[in-house]
Amino acid sequence: MKFLPLLWAGLKRKKLRTALTFLSIFVAFMLFGFLGALKEALSAGVRMAGQDRLIVRHKVSLIQTLPESYLARIQVIPGVAAACHQTWFSGIYQDPKNFFPNMPVIPEEFLAMFPEFVLSDAGKQAWLNTRTGAIVGRTTANRFHWKIGDRIPLRSPIWGQPAGQTQWEFDIVGIYDGAKKGTDTSQLFFRYDFFDEARNLEKGQVGWFTVRIAHPDQAAEIAAKIDAEFANSPYETKTEPEGAFAQGFAQQIGDIATIVMAVVGAVFFTILLVAGNTMAQSVRERTGELGVLKALGFSNPMVLVLVLLESCAIAVLAGCGGLGVAWLIVSTGNPVPTLLPVFYLPPASLLAGAALAAVLGLAAGALPAWQAMRLHIADALRRGG
Amino acid sequence: MNPSPQPLVSIRHVSKTFRRGAEEIHVLTELELAVMDAEFLALMGPSGSGKSTLLNLIGGLDRPDTGSVQIGDDRVDQLNDRQLAAWRARHIGFVFQFYNLLPALTAERNVELPLLLTGLNKAERRQHVQAALAAVSLSNRSKHFPRTLSGGEQQRVGIARAIVTDPTVLLCDEPTGDLDRKAGDEILSLLQSLNKEHGKTIIMVTHDPHASARASRIVYLDKGRLSDQPSD
């Protein structure tokens, strides 16, 4: 603590330079925070995927549908504990930019399969009792200010509209929450029986199946069994863990994690050079002052620590400041709910950012601190004088 | 019969050579010097005669190639870097020609610097700082930054910083070299008073005969050797 004024004096010696260095690190870590939230959003599906769930889809692509009758055949395969199906509806609410995922499902099977979607008993009962009933996640309900009892019109470019109607209409009977942070609560689910009866094409076809297996360590074996069951049929399947399925989904727009890391890496390398150069310049300018400190009795390790602390102080203060602002902005809400169903800055990213700031401080200050430590006092005084 | 008093500073057979490329420059050769406790010694000589090098050796800022440097009971030339730093903090007060104050610290913070290396608490440090600033008549300028002080005032802050730990020896390298005559005289009077009234041992390097006249003894250094008379 008693060395704090000395540390502070070093920082405020060139106020503008310190401020600019602070700002560059601040902005870099704010970017780090945003990228952390983005990475979380894109990987949430993978992270939240059930370890005991498999996805069965058409072997060619996700766009191809599968017969609903496969459900019964999947359910009897040894090792399968439960199964349900979903179908991409692609319903548009008022305007395409209001995108949110919406799918027809069989309520009982679906809710049993996805315990992470928390729906009240009353909501569940209402859904079972209402053929046009739909449940919607809290994020989307809040986004459009929907409440239970509202009738929601959707247009589907894939499935057209029910006979005699211009659009699909669903009654909101429940609003579900996520069991844990990161659960996607942007989706709307409605009843498959209503959908199948009302649609005019591909009746009896569904998008994909979700399968719960009794023992996650048998995932590969059961996946192979499922695919073998439907081999050489008009609708061959590809079965994979839910995490891999989500990953494949996210990778449709590129390997985001790699892109994010590449951007962060480039930004940090640049910042490291800037901060390192600033520290080196600062130490060079203070050669005489460091010589004086040594003459007064400050030991070489003390001078090393002082320079390192100065470098770390800028990096950690600016880094944490940037992360804090990123966290505040991210906390105010999802700027692109149509693209990112989940958007938050996880504590792990904040901690990683803070640690990275400290590492940046140490790395940027290491060489100048080493040079300061090795300064020969008489030479330093002569140069500084 | 009383034994003759031991010198406080004892330099024996000290040689120092610097290398500049292939060239060897013998700055000090078999140098002998004894400085008694409470003595005010002026060290004079032409530029490049080795005055500052000798001061650096006494202050533990550098080591001799051969010979010994003893201050009190300590063989300074035998201490390692860490011991030397601690020894300087305890025993040596430096006064520099260009004051060498830290520009971002106030006068009192500059004076406090050597005390940061002691075990004193904040209140005790403040007490010592106030006493040192009072000794150089700068109590009223304690909150000022160096850039707002005159050269003479800055040097007085430098002296306060040098004496705040009550060191064994005060080493002054051209303390009036950057000051006008009036300010220089004030600094010399201050040093003289520290020597006479507080018994402080002072070794002062100077070019200026006017400054050296204030010392109790003058030695001349030329071509690496000491004498009591200036060389022609």
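This is a predicted model: local features need pLDDT of at least 70, side-chain atom pairs count only at pLDDT 80 or more; totals for chains, interfaces and linings use all residues.
**Entry: chain B overall.** I began with the make-up of chain B and counted 7 helices and 10 strands. Of its 232 residues, 49% count as buried. I then looked at contacts in chain B between residues at least 6 apart in sequence, and found that 71% of them join residues at least 24 apart.

**Entry: the cores.** Next I looked up the largest nonpolar core, which has 115 residues. A:Ile25, B:Leu41, B:Leu43, B:Ala160, B:Ile203 and B:Met204 have the most contacts inside it. Apart from that core lies another, of 49 residues, with A:Leu66 and A:Phe110 among them.

Which residues does B:Met204 contact, leaving aside neighbours within four places in sequence? My list includes B:Leu41, B:Leu43, B:Cys172 and B:Ala215.

**Entry: where the chains touch.** I found 23 residues of chain B in contact with 18 residues of chain A. Helix H2 of chain B, residues 81-91, gives the most to chain B's side, with 6 residues. Sorting that side by class gave me 15 nonpolar, 3 polar and 5 charged residues.

**Entry: strand E8 of chain A.** My last stop was E8(A), which covers residues 168-178. Strand E5 of chain A runs antiparallel to E8(A), with 2 bridges, and here A:Phe117 stands opposite A:Gly178. Strand E6 of chain A runs parallel to E8(A), with 5 bridges; I noted A:Asp171 as the bridge partner of A:Gly133. Strand E7 of chain A pairs with E8(A) in the antiparallel sense over 4 bridges, and A:Ile152 has A:Phe170 as its bridge partner.

Technical notes. Residues are numbered from 1 along each chain as its sequence is written. Chains are lettered from A and ligands numbered from 1 in the order in which they are written. A nonpolar core is a set of buried Ala, Val, Leu, Ile, Met, Phe, Trp, Tyr and Cys residues joined through C-beta atoms within 7 Å. A residue is buried if 20 or more other C-beta atoms lie within 10 Å of its own, exposed if 12 or fewer, and partly exposed in between; C-beta atoms are placed from the backbone. Two residues are in contact if their C-beta atoms, placed from the backbone, lie within 7 Å. Ala, Val, Leu, Ile, Met, Phe, Trp, Tyr, Cys and Pro count as nonpolar, Asp, Glu, Lys and Arg as charged, and the others, Gly among them, as polar. Two strands pair if DSSP finds at least two bridges between them.
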